[in-house]
Amino acid sequence: MTLGPGTEVEAALESAASTRRSGRGAVRWLSTRLAGLLFVLWAAATLTFFAIRLIPGDPAQAILGGPGSQASAAALAQARAEYGLDQPLILQYLGQLGRYVTGDFGTSYSLHESVVQAIGQQLGGTLVLAVASLAVAWVLALAVAVFSVRAGRAAWAVGNGLEIVSAAVPHFWLATVLILLFSSTLGWLPAINVPGPVGLVLPVVTLAVPLAGFLGQVMRESLLNALHSPFVLSARARGESEVGVLVRHALRHAALPAISLSGWAFGSLVSGAVVVETIFARPGIGRTLLRAVQERDVPLVSGIVLVVALAYCLVTVASEVLDRVADPRLAESPR
Amino acid sequence: MRRAASAGPRVALVVCALVVLWLLACAVAPGLVAPGDPLAIHPLQGFEPPSLAHWFGTDESGRDVFTRVVHGAGPSLLIGVAATAIGIVLGVALGTLAGLGPRWLDFGTSRLLEVLFAFPGLLLALLFIVIYGPGITTSTVAVGLATAPGYARIVRSQMLAVRGAPYIEAEVVLGRPPLWRFRRSILPNVAGTLFVLVTLGVGQSIVWASSLSYLGLGAKPPTAEWGAMLSAGRTYIDSAWWLTFFPGLVIVASAAAATVLGRTIQGRVRGS
Amino acid sequence: MSETTSHSAADRASAAAPSPALLTVSGLSVRFGRTAPPVVDDVSFEIRPGECLALVGESGSGKSVTARTLVGLTGGDARVSAESLVFDGAPLLSASAAAWRRIRGARIGFVLQDALVSLDPLRTVGREIDDALRLHTRLGAADRHRRVIDALTDAGVPDPALRAGQRAGQLSGGLRQRALIASAVVLNPSLVIADEPTTALDVGVQQQVLGLLEKLRAGGTGLLLISHDLSLVARVADRVAVMRDGRIVETGATEAVLGDPQQEYTKTLLAAVPWSQARGTRLTVEARAAAETRAVTDRDDAHGSAALEITDVSKAFRTPAGTLQAVRDVSLRLEPGTTLGLVGESGSGKSTTARIALGLLAPDAGQVRLLDQEWAPLPERERRPRRHLLGAVYQDALSSFDPRWSVGGILTDALTGGASRSIRRYEDEVAALLRSVGLNPDLMRRRTHGLSGGQRQRVSIARAIAPGPRVLICDEPVSSLDVSVQAQVLDLLDELQEQRNLSYLFISHDLGVIRHISDRVAVMSEGRIVETGATETVFSDPRHPYTRRLLTAVPHRRDLTPRQS
């Protein structure tokens, strides 16, 4: 799933900037950030809890798949007992929080196993997909940015092409075209899940290309800015070669906003994984989520949503740590 | 450096304008563009590949895909526009509260947005769909909700930037009251950005909504809606590629046109 | 260009310097694009070892492009041509990219202004200096490190080992500028090109950087100094070349060109420098012809009521690093119809004082009275009805205009108190207002971003006087203007003061400007007023050590008299 550049990306950069402004010691910074992370997790759990209570009708029925499901009276009674639905709302809420803290996310009625177990089985595949796509996207974006630095028509065309690819090409269509081309017509690559790296190629390309479009655009802009900045002129006046200017100065500046966007990129990859895993029939958290949504499997959906929120927070903090390594200015106190 | 790119944008702009006009024509008067009935079944003409008679081929029931694409423009664009409207209205409300309100309100709203950001894109939409069940209305609202935090962030930062701008301070010195500044200066200056957001947002919302339909959570077949057509064609991807290719192509074209137009407007807004 | 040379001086210079030229430039032209007019047009000069040539001119005169061309960094679409361009006996024009890289940094050093952006903000200054050594020598890491420390020591950077491990953003303005120079001269280049090396610096720091350049020159390095600042040039350069619109209009020994200029343009430039002109004189030649020198009335009649009175005002800001006391117990009194100059270096609290006086910032303690009535602290609601009595002129005029409005819209808005923005109904009033600030009424339909810096500042002044104020607060109103434009704006302010009996609180870091425009002066340092008094008294007999230090760092007319050398 892709988003228009300049809206989501700008928003993500803006959000990154707001949490990154603090210029304090590393320990204090990290503890503040971790406290913030806990707050976000708590708020996410709360939001999920009350959102699910918004489902019209009997909550026990809702938990077991909504009004359409033919849940037995015994199952309903079990759900009521498990979730304490006869207790006041506040006790239910506290009980739910307590269960989350102990790692109990309830039982998925559609998979007939505990949510934690279900997620545990699926998480690996999605992580491999996401990490591989992120890596490929970074490489592509960097290549595009460096190429488009050659000013003029080519750079303009590259820039516009990127805008359009990243903003307008939905994952499902890109996947369809890739399958048609490489699988159905050329027969080079398998369309549906095959274990091993070969089966990973098309899903990774599908996820990486739009993401590379976003990242490439951001990198391209900051790379151009860096190359036109006085410190690059100084470096050239020092006798630095064009390659040296790129490697020692400009690329580092170009990477900064892309690092800041990592949290957002991870989120968009998870969103994309829902579509891509479904199309390529890969096991993973995205496909599981979709099935849970279709079956209205409330415990599974809320479990996955919370796990993704947790992962998002962790990736965000990790990207901030990386940011502080790449840009030491962030770690120093403002003068 | 930018001089070299004088001919390129104009061609792209003309193409985009044509695409938008064509889409609008399809939405307003689909019968004029494609006179056939989008729901008419011809069981004997199923799965015909693209030809002169059927530009985009036919589907499993022999319905003409081109006619369906044309007639699908109305609902698809409407979904996109409605979702954008919901997202923008919510985003502007939250962003204005945070950007112009007192500090505690900004703090609260910003934390809320931070939490919402932890549900990346589709996740928020899916959560909403679980609560209210799949369907056109829910998926439209879901897309609107899912995009709102992003808009709110941008609106907030724009409001803050304009509010702190030296020309607003100059107006304070000239003795203009707060409401005057908001009406005559802050709002008009943020409006340019909003306009860009809306243009870019419509393209984005169409893509989002069609993705939900594709996953079977939005409009349901046999509605002539692009996402629903894609969802129905998914089953036949190996035998009848045109069922998914062409509706997808139209989605790409409309989203691309919206993006290019939005960017052009943005260039004007920023350039002036 | 030889016909515009001051002959006697040039002859003397060439007779006294038998050494061959280090750099010979003749007939240098640069244009961007095929059809555009040349940015540098037929420029010729030469520099000998141990000699300093200054290229002076206003913005857009082509001096920076000339400097960049001499290190082969003019830019991608630039077209460079020259009759000859010879450095150290070798032609530069035909040099390959690799040959250029061997010259840059090793044999020609290049120093830009503002080291904060001219040094890579992500890398330590030590590594930046090290780059030059790594690129041009085969020294090992340890040897290079020793050279880096030596270079910083030579540049007068204390604690060089510590500083080498810090980034530009962690150093003060003076230290980082010296580190930048160290990175350009670490390999002892025979020619150093310095493009506005002191422009962003406070006067005290300027002094240190100039001393460093002077030391290099004394060591036999050729120096090409690019500057808009005539007073700076007067102190450092052996010879001066004045540039305008890409051409050198006058060149010769410094004392000849600045002491006895032959060309009209040079005379205009010199006359426009406010240091030399007493209060009441006009800076522009035309204005001076028109207006009689204004008698400076004795304004020690402090018994009347003040136009603006600031009493014991303090203001502190909370920052992550602690509390910053920006303004402490500041008291100022602005007499009606006069100008009070508030002078100090950056960070001294001038602008905070201005913002408090404008009622934009509530003081922690103390109060402000406007025309003998309470002004601050006061709720904004109660201040608003009297806002028309107090106007403001800002340093950056452009950003003080709503970008969507035309000039006419801005002025109509100011004239009608925000009631209207339609030019049509108030066309005559707006035209009169534009004429009163010396602008063509045709400008009213233009957008502000299309105006020149001087025009923008005039519009900003027109807006400030439109509601009929009694007091104007001018915060660095001429600081970002070229010297000739600066002169026009200062003249305009003088004129308006006479016509409308305005009182100015005039804030500037530029002592020359302050001396020219003020009746009384207040010197600010670290949030306090350290000295106040009549302008001439303060300038001729400064009491406070800080004022004395400030004044010694500032160029005077006497700098233009021939140096003892």
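The sulfur of B:Cys16 has its closest cysteine sulfur in B:Cys26, 16 Å away, which is too far for a bond. This is a predicted model, in which local features need pLDDT of at least 70, side-chain atom pairs count only at pLDDT 80 or more, and totals for chains, interfaces and linings use all residues. Residues are numbered from 1 along each chain as its sequence is written, chains are lettered from A and ligands numbered from 1 in the order in which they are written, and side-chain values use heavy atoms, with hydrogens and water left out.

**Cysteines**

- A disulfide here is a pair of cysteine sulfur atoms within 2.5 Å, and by this rule the count over all chains is zero.

**Chain B as a whole**

- Chain B holds ten helices and zero strands; helices are DSSP runs of H or I with at least four residues, strands are runs of E with at least two, and both are numbered from the N terminus.
- Read from the N terminus, the elements of chain B go α-α-α-α-α-α-α-α-α-α.
- The C-alpha trace of chain B spans about 75 × 50 × 35 Å along its principal axes.
- Of the 272 residues in chain B, 56% are buried.
- Contact means heavy atoms within 4.5 Å; among contacts in chain B between residues at least 6 apart in sequence, 68% join residues at least 24 apart.
- Chain B has an accessible surface of about 10700 Å², and 72% of it belongs to carbon and sulfur atoms; such areas come from the Shrake-Rupley method with a 1.4 Å probe, and for residues only the protein chains shown count as cover.

**Chain A as a whole**

- Chain A contains 14 helices and two strands.
- Its 335 residues are 58% buried.
- In chain A, 75% of the contacts with a separation of 6 or more come from residues 24 or more positions apart.

**Helix H12 of chain A**

- How does the span of H12(A) compare with expectation? At 1.5 Å a residue, the 18 residues of this helix (262-279) should span 26 Å, and the end C-alpha atoms are 25 Å apart, which agrees; the expected span is 1.5 Å times one less than the number of residues.
- H12(A) bends by about 35° at A:Ala273, where the bend is the angle between axes fitted to the seven residues ending there and the seven starting there.
- All 18 of the 18 residues of H12(A) are buried, so the helix is largely enclosed by the rest of the structure.
- Just after H12(A) comes A:Ala281, with a positive phi of about 50°.

**Domains**

- Chain A is assigned domain 1 (25-101) and domain 2 (115-331), with bounds that come from an automatic or database domain assignment.
- The contact between them takes 19 residues from domain 1 of chain A and 16 residues from domain 2 of chain A, and their C-alpha centres lie 32 Å apart.
- Chain C is assigned domain 1 (116-188) and domain 2 (308-404 + 469-559).
- The centres of those two domains of chain C, taken over C-alpha atoms, are 38 Å apart.

Notes:
Buried < 20%, exposed > 50% of the residue type's maximum accessible area, 1.4 Å probe, protein only.
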